[in-house]
Amino acid sequence: MIRRKSREEIKLMRHAGHIVALVHQKMKEVLEPGISTKELDDIAYHVIKENRAIPTFLGYNGFPASICTSINEQVVHGIPNENIKVKEGDIIAIDVGATYHGLVGDSAWSYAVGKIDEEKQRLMKATEEALYAGIDKMRIDNVLDDISGAVEDVAKNYNFGIVRQYGGHGVGHNMHEEPFLFNYRVGDKTIIKQGYAIAIEPMLNLGGDEVVVADDEWTVSTVDGKPSAHFEHTVIATEDGPLITTKLME
């Protein structure tokens with residue numbers, strides 16, 4: 001069952017999302033060639049805790065870190081490690097979750113490390129564009145397939161692969177709630193109602209659609225080894241249109 005969020009729940013989700021946005025703001029500041037993904041995780045943990053929140057990912061189904069750090073061909077769920085350091089020309093997707101008073105904010109962003117090539121620039125541009133195309137369809141009385149189709153159309157326009165085994169999801173008291181949201185059309189006619197909260201998260205590949213899970217049972221990478229990008233916001237359907245909760249509050 002898809003659970004509609006009350007005014008009070010939305011208020012708390014906006015606060016959780018604000019903390020997630022603070023983490024991303026800090027990631028952008030400190031990200032440079034040579035920093036380890038473990039250092040990024042330690043910084044994120046500190047920002048979340050100093051804002052009286054809980055790192056949602058830490059311990060989730062045994063995940064050992066506060067953020068996911070996925071570099072180049074890694075799509076999602078990369079595990080921070082002190083021996084993994086980003087280098088000039090990399091792109092890294094950083095996925096962050098924070099729980100504040102029992103409500104979750106969840107957002108991912110892909111970042112360039114130094115100067116990146118034109119193909120990676122185009123991939124990141126397309127994936128961010130797909131995110132906002134999907135967000136624009138997160139409106140009362142639309143259906144879930146409207147969001148999925150908007151993401152798919154952007155991917156096809158750029159001729160990029162779409163990750164099909166993973167997608168968006170409901171979010172609120174838990175990080176993963178109903179519904180599951182595909183990043184391509186599947187004919188889902190579930191009507192979007194006021195108070196629905198969904199993490200919309202396109203994952204597009206420079207090459208094909210296919211992905212594989214590593215031996216660590218977490219890290220997902222493209223089969224063809226080509227780069228992938230990941231952008232995500234938590235969004236709530238309101239009478240005033242889509243409300244992005246995972247951004248800095250004014």
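Visitor: Before we start, what should I know about the model and its numbering?
Guide: This is a predicted model, where local features need pLDDT of at least 70, side-chain atom pairs count only at pLDDT 80 or more, and totals for chains, interfaces and linings use all residues. Side-chain values use heavy atoms, with hydrogens and water left out, and residues are numbered from 1 along each chain as its sequence is written.

Visitor: Which feature does UniProt place at residues 12-239?
Guide: UniProt positions are given here in the numbering used for this model, feature names are shortened, and annotations may be inferred rather than shown by experiment. Over residues 12-239 the chain is 29% helix and 27% strand, with the end C-alpha atoms 18 Å apart. Helices (H or I, at least four residues) and strands (E, at least two) are DSSP runs, numbered from the N terminus. The record, an unreviewed entry, calls this stretch "domain: Peptidase M24".

Visitor: How far apart are the end C-alpha atoms of helix α4?
Guide: The expected span of a helix is 1.5 Å times one less than its number of residues. Helix α4 covers residues 144-158, so its 15 residues should span 21 Å. The model agrees, with the end C-alpha atoms 22 Å apart.

Visitor: How many of the 15 residues of α4 are buried?
Guide: Buried means under 20% relative accessible area, exposed means over 50%, and partly exposed lies in between (1.4 Å probe, protein chains only). The buried residues of α4 include Leu 144, Ile 147, Val 151 and Tyr 158, and the buried set packs against α3, β6, β8, β9 and β10, with contact meaning heavy atoms within 4.5 Å. The helix is mostly covered, and the count of buried residues is eleven.

Visitor: Are the rings of Tyr 158 and Phe 160 stacked or edge-to-face?
Guide: Rings of Phe, Tyr and Trp (its six-membered ring) pair if their centres lie within 6.5 Å; planes under 30 degrees apart count as stacked, over 60 as edge-to-face and the rest as tilted. The structure holds five aromatic pairs. In this one the centres are 5.9 Å apart and the planes are at 10°, so the pair is stacked.

Visitor: Which residues do ring pairs link into a cluster?
Guide: Phe 180 and Phe 182 form an edge-to-face pair, 4.7 Å centre to centre with 80° between the planes. Phe 180 is partly exposed at 37%, and Phe 182 is partly exposed at 27%. The linked residues are Phe 180, Phe 182 and Tyr 184.

Visitor: Which charged residue sits over the ring of Tyr 184?
Guide: A charge sits over a ring if NZ of Lys or CZ of Arg is within 6 Å of the ring centre and within 35 degrees of the ring normal. Here the charged end is 4.3 Å from the ring centre, and it belongs to Arg 164.

Visitor: What is the omega of the peptide bond from Glu 178 to Pro 179?
Guide: Pro 179 lies in strand β8, residues 177-181. The bond is cis, with omega near 5°.

Visitor: What is phi of Glu 217?
Guide: Glu 217 is in the loop between β11 and β12, and is exposed at 67%. Its phi is positive in a residue other than glycine, near 70°.
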